[in-house]
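Please open the model in your viewer and keep the selection tool at hand. The stops below say what to select next and what is there.

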Amino acid sequence: MKGLKNISWIVLINIFLVIIAGSIVRMTGSGMGCPDWPKCFGHIIPPTMESELAYTAGKEFNKGQMVIQDEALWVANKKFVATDLFNLKDWTKYTKHDYAKFNALHTWIEYINRLFGALLGLFALIMIVLAARKRKVNSWFIILSIFQLFLILFQAWLGKLTVDTNLNPYMITYHMMGVTVMIIVQLALLSLINKEIKGVDSKTKTTFLTKFFSALAVVLMFIQIVLGTQVRQQTDVMFKSGTPRELIPEGFDWVFLVHRSFSILIVVSLVYLFLKLKSIPKFKRPLVFLVSLTLAEILFGIILYYFEMPAFAQPIHLLLSLLLYAFFVEVYIRQLPKISYKVIDK
């Protein structure tokens with residue numbers, strides 16, 4: 001059981017590493033650093049110089065490898081050695097989007113982000129193997145582990161669509177929604193493992209209203225995160241249009257106002273939960289984290305709005321919101337009974 005618990009923690013930590021890497025990708029504008037998927041310019045290991053993507057006579061090209069020619073991406077149809085002339089019979093123009101630029105920094109930031117995603121998938125597979133060995137203890141171990149792998153693969157597919165559509169903002173929002181579900185699944189799995197280890201069979205006695213506010217806080221944080229992605233989308237659009245940083249807050253619409261107002265509801269829910277659960281030992285640690293994260297989240301929200309949207313604060317603000325969401329989920333899960341569906345060994 002200890003091995004399953006350890007790998008489950010590794011998966012949860014890796015989920016947040018992927019979130020950090022993804023936020024750095026967006027902060028640096030590196031989302032199209034690799035214009036294709038799952039490879040990068042048709043390479044398993046991406047190029048480091050623009051000259052590697054140039055059509056050069058005498059150079060050997062492999063099938064699927066890309067070049068930038070006439071401000072467009074071209075994909076090799078087969079393995080061949082280039083002649084002096086660019087023969088269209090050897091190439092197919094890449095038509096999923098018209099982005100055909102190379103920036104080594106952007107390419108490698110995006111590539112490292114994908115490596116974190118691949119590592120997450122590998123850890124999820126190991127988790128399934130260990131969960132299968134414990135399926136007779138509780139079948140929910142294997143059910144949740146398989147569902148988590150499905151979510152990871154679904155996220156990878158969304159990542160492909162995001163690249164294919166040249167960073168469609170709706171795809172980015174769907175990506176974030178998927179991450180919130182992954183966090184719930186992993187926390188639920190860890191909770192089940194802990195309850196099996198400790199032999200906890202009964203639920204913590206809390207009132208219906210406390211459970212309601214716990215669930216409400218989770219829902220409010222989910223909405224807050226989705227609204228935050230929309231605010232970030234508006235920020236990106238204004239940046240691209242050349243809007244000075246100091247004028248960006250003035251360009252926000254009603255989405256930002258709702259996003260800011262929701263923080264009040266979240267604080268109210270937190271205050272209620274703190275007053276009701278602070279005397280119960282198992283809730284003390286998550287409540288301390290919740291209060292700390294809330295204060296930090298508000299602080300970075302203020303920094304973003306009043307200090308010209310500094311780039312460093314954007315990924316921190318996102319990470320804090322997802323950590324806050326995770327601890328609200330944890331507080332809710334800790335009030336639930338132990339779920340057990342054991343397979344009968346015939």
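How many residues does helix α8 have, and how far does it reach from its first C-alpha to its last? Before selecting it, bear in mind that this is a predicted model, in which local features need pLDDT of at least 70 and side-chain atom pairs count only at pLDDT 80 or more, while totals for chains, interfaces and linings use all residues. Residues are numbered from 1 along each chain as its sequence is written, and side-chain values use heavy atoms, with hydrogens and water left out.

**Stop 1: helix α8**

Select residues 313-333, which make up α8; this helix has 21 residues and reaches 30 Å from its first C-alpha to its last, close to the 30 Å expected at 1.5 Å a residue. The expected span is 1.5 Å times one less than the number of residues in the helix, and helices (H or I, at least four residues) and strands (E, at least two) are DSSP runs, numbered from the N terminus. Of the 21 residues of α8, 15 are buried, so the helix is largely enclosed by the rest of the structure; here buried means under 20% relative accessible area, exposed means over 50%, and partly exposed is in between (1.4 Å probe, protein chains only).

Next, select Glu-330 and Arg-334, whose closest N and O atoms are 2.7 Å apart in a salt bridge, a term used for a side-chain nitrogen of Lys or Arg within 4 Å of a carboxyl oxygen of Asp or Glu. Glu-330 counts as buried at 15% relative accessibility, whereas Arg-334, at 26%, counts as partly exposed. Elsewhere, salt bridges that share partners join Lys-96, Lys-160 and Asp-164 into one network.

**Stop 2**

Now move to residues 72-76, strand β3, and colour them by accessibility. Five of the five residues of β3 are buried, so the strand is largely enclosed by the rest of the structure. Both of its faces are covered, with Ala-72, Trp-74 and Ala-76 buried on one side and Leu-73 and Val-75 buried on the other.

Which strands pair with β3, and in what sense? Strand β2 pairs with β3 in the antiparallel sense over four bridges, and three bridges join β3 to β5 (residues 91-93), these two also running antiparallel; two strands are said to pair if DSSP finds at least two bridges between them.

**Stop 2: the hairpin turn**

Asp-70 is exposed, with a relative accessible area of 68%, and Glu-71 is exposed, with a relative accessible area of 73%.

**Stop 3: two further salt bridges**

The structure holds six salt bridges. Side chains of opposite charge can pair when their charged atoms come close. Select Glu-60 and Lys-79, whose side chains meet in a salt bridge (4.0 Å, N to O); Glu-60 lies in strand β1 and Lys-79 in the loop between β3 and β4 (80-81), so the pair ties together parts that are 19 residues apart in sequence. Glu-60 counts as partly exposed at 46% relative accessibility, and Lys-79 counts as exposed at 55%.

Then select Arg-114 and Glu-110, which form a salt bridge with their closest N and O atoms 2.9 Å apart. These residues are four residues apart in helix α2 (residues 104-133), separated by about one helical turn, and both are buried. An α-helix has 3.6 residues a turn, so residues three or four places apart point the same way.

**Stop 4**

Finally, select Gln-234 in helix α5 (residues 208-240), where Gln-234 is buried, with a relative accessible area of 16%. Not counting residues up to four places away in sequence, Gln-234 touches Gly-251, Phe-252, Asp-253 and Val-255, contact meaning heavy atoms within 4.5 Å.
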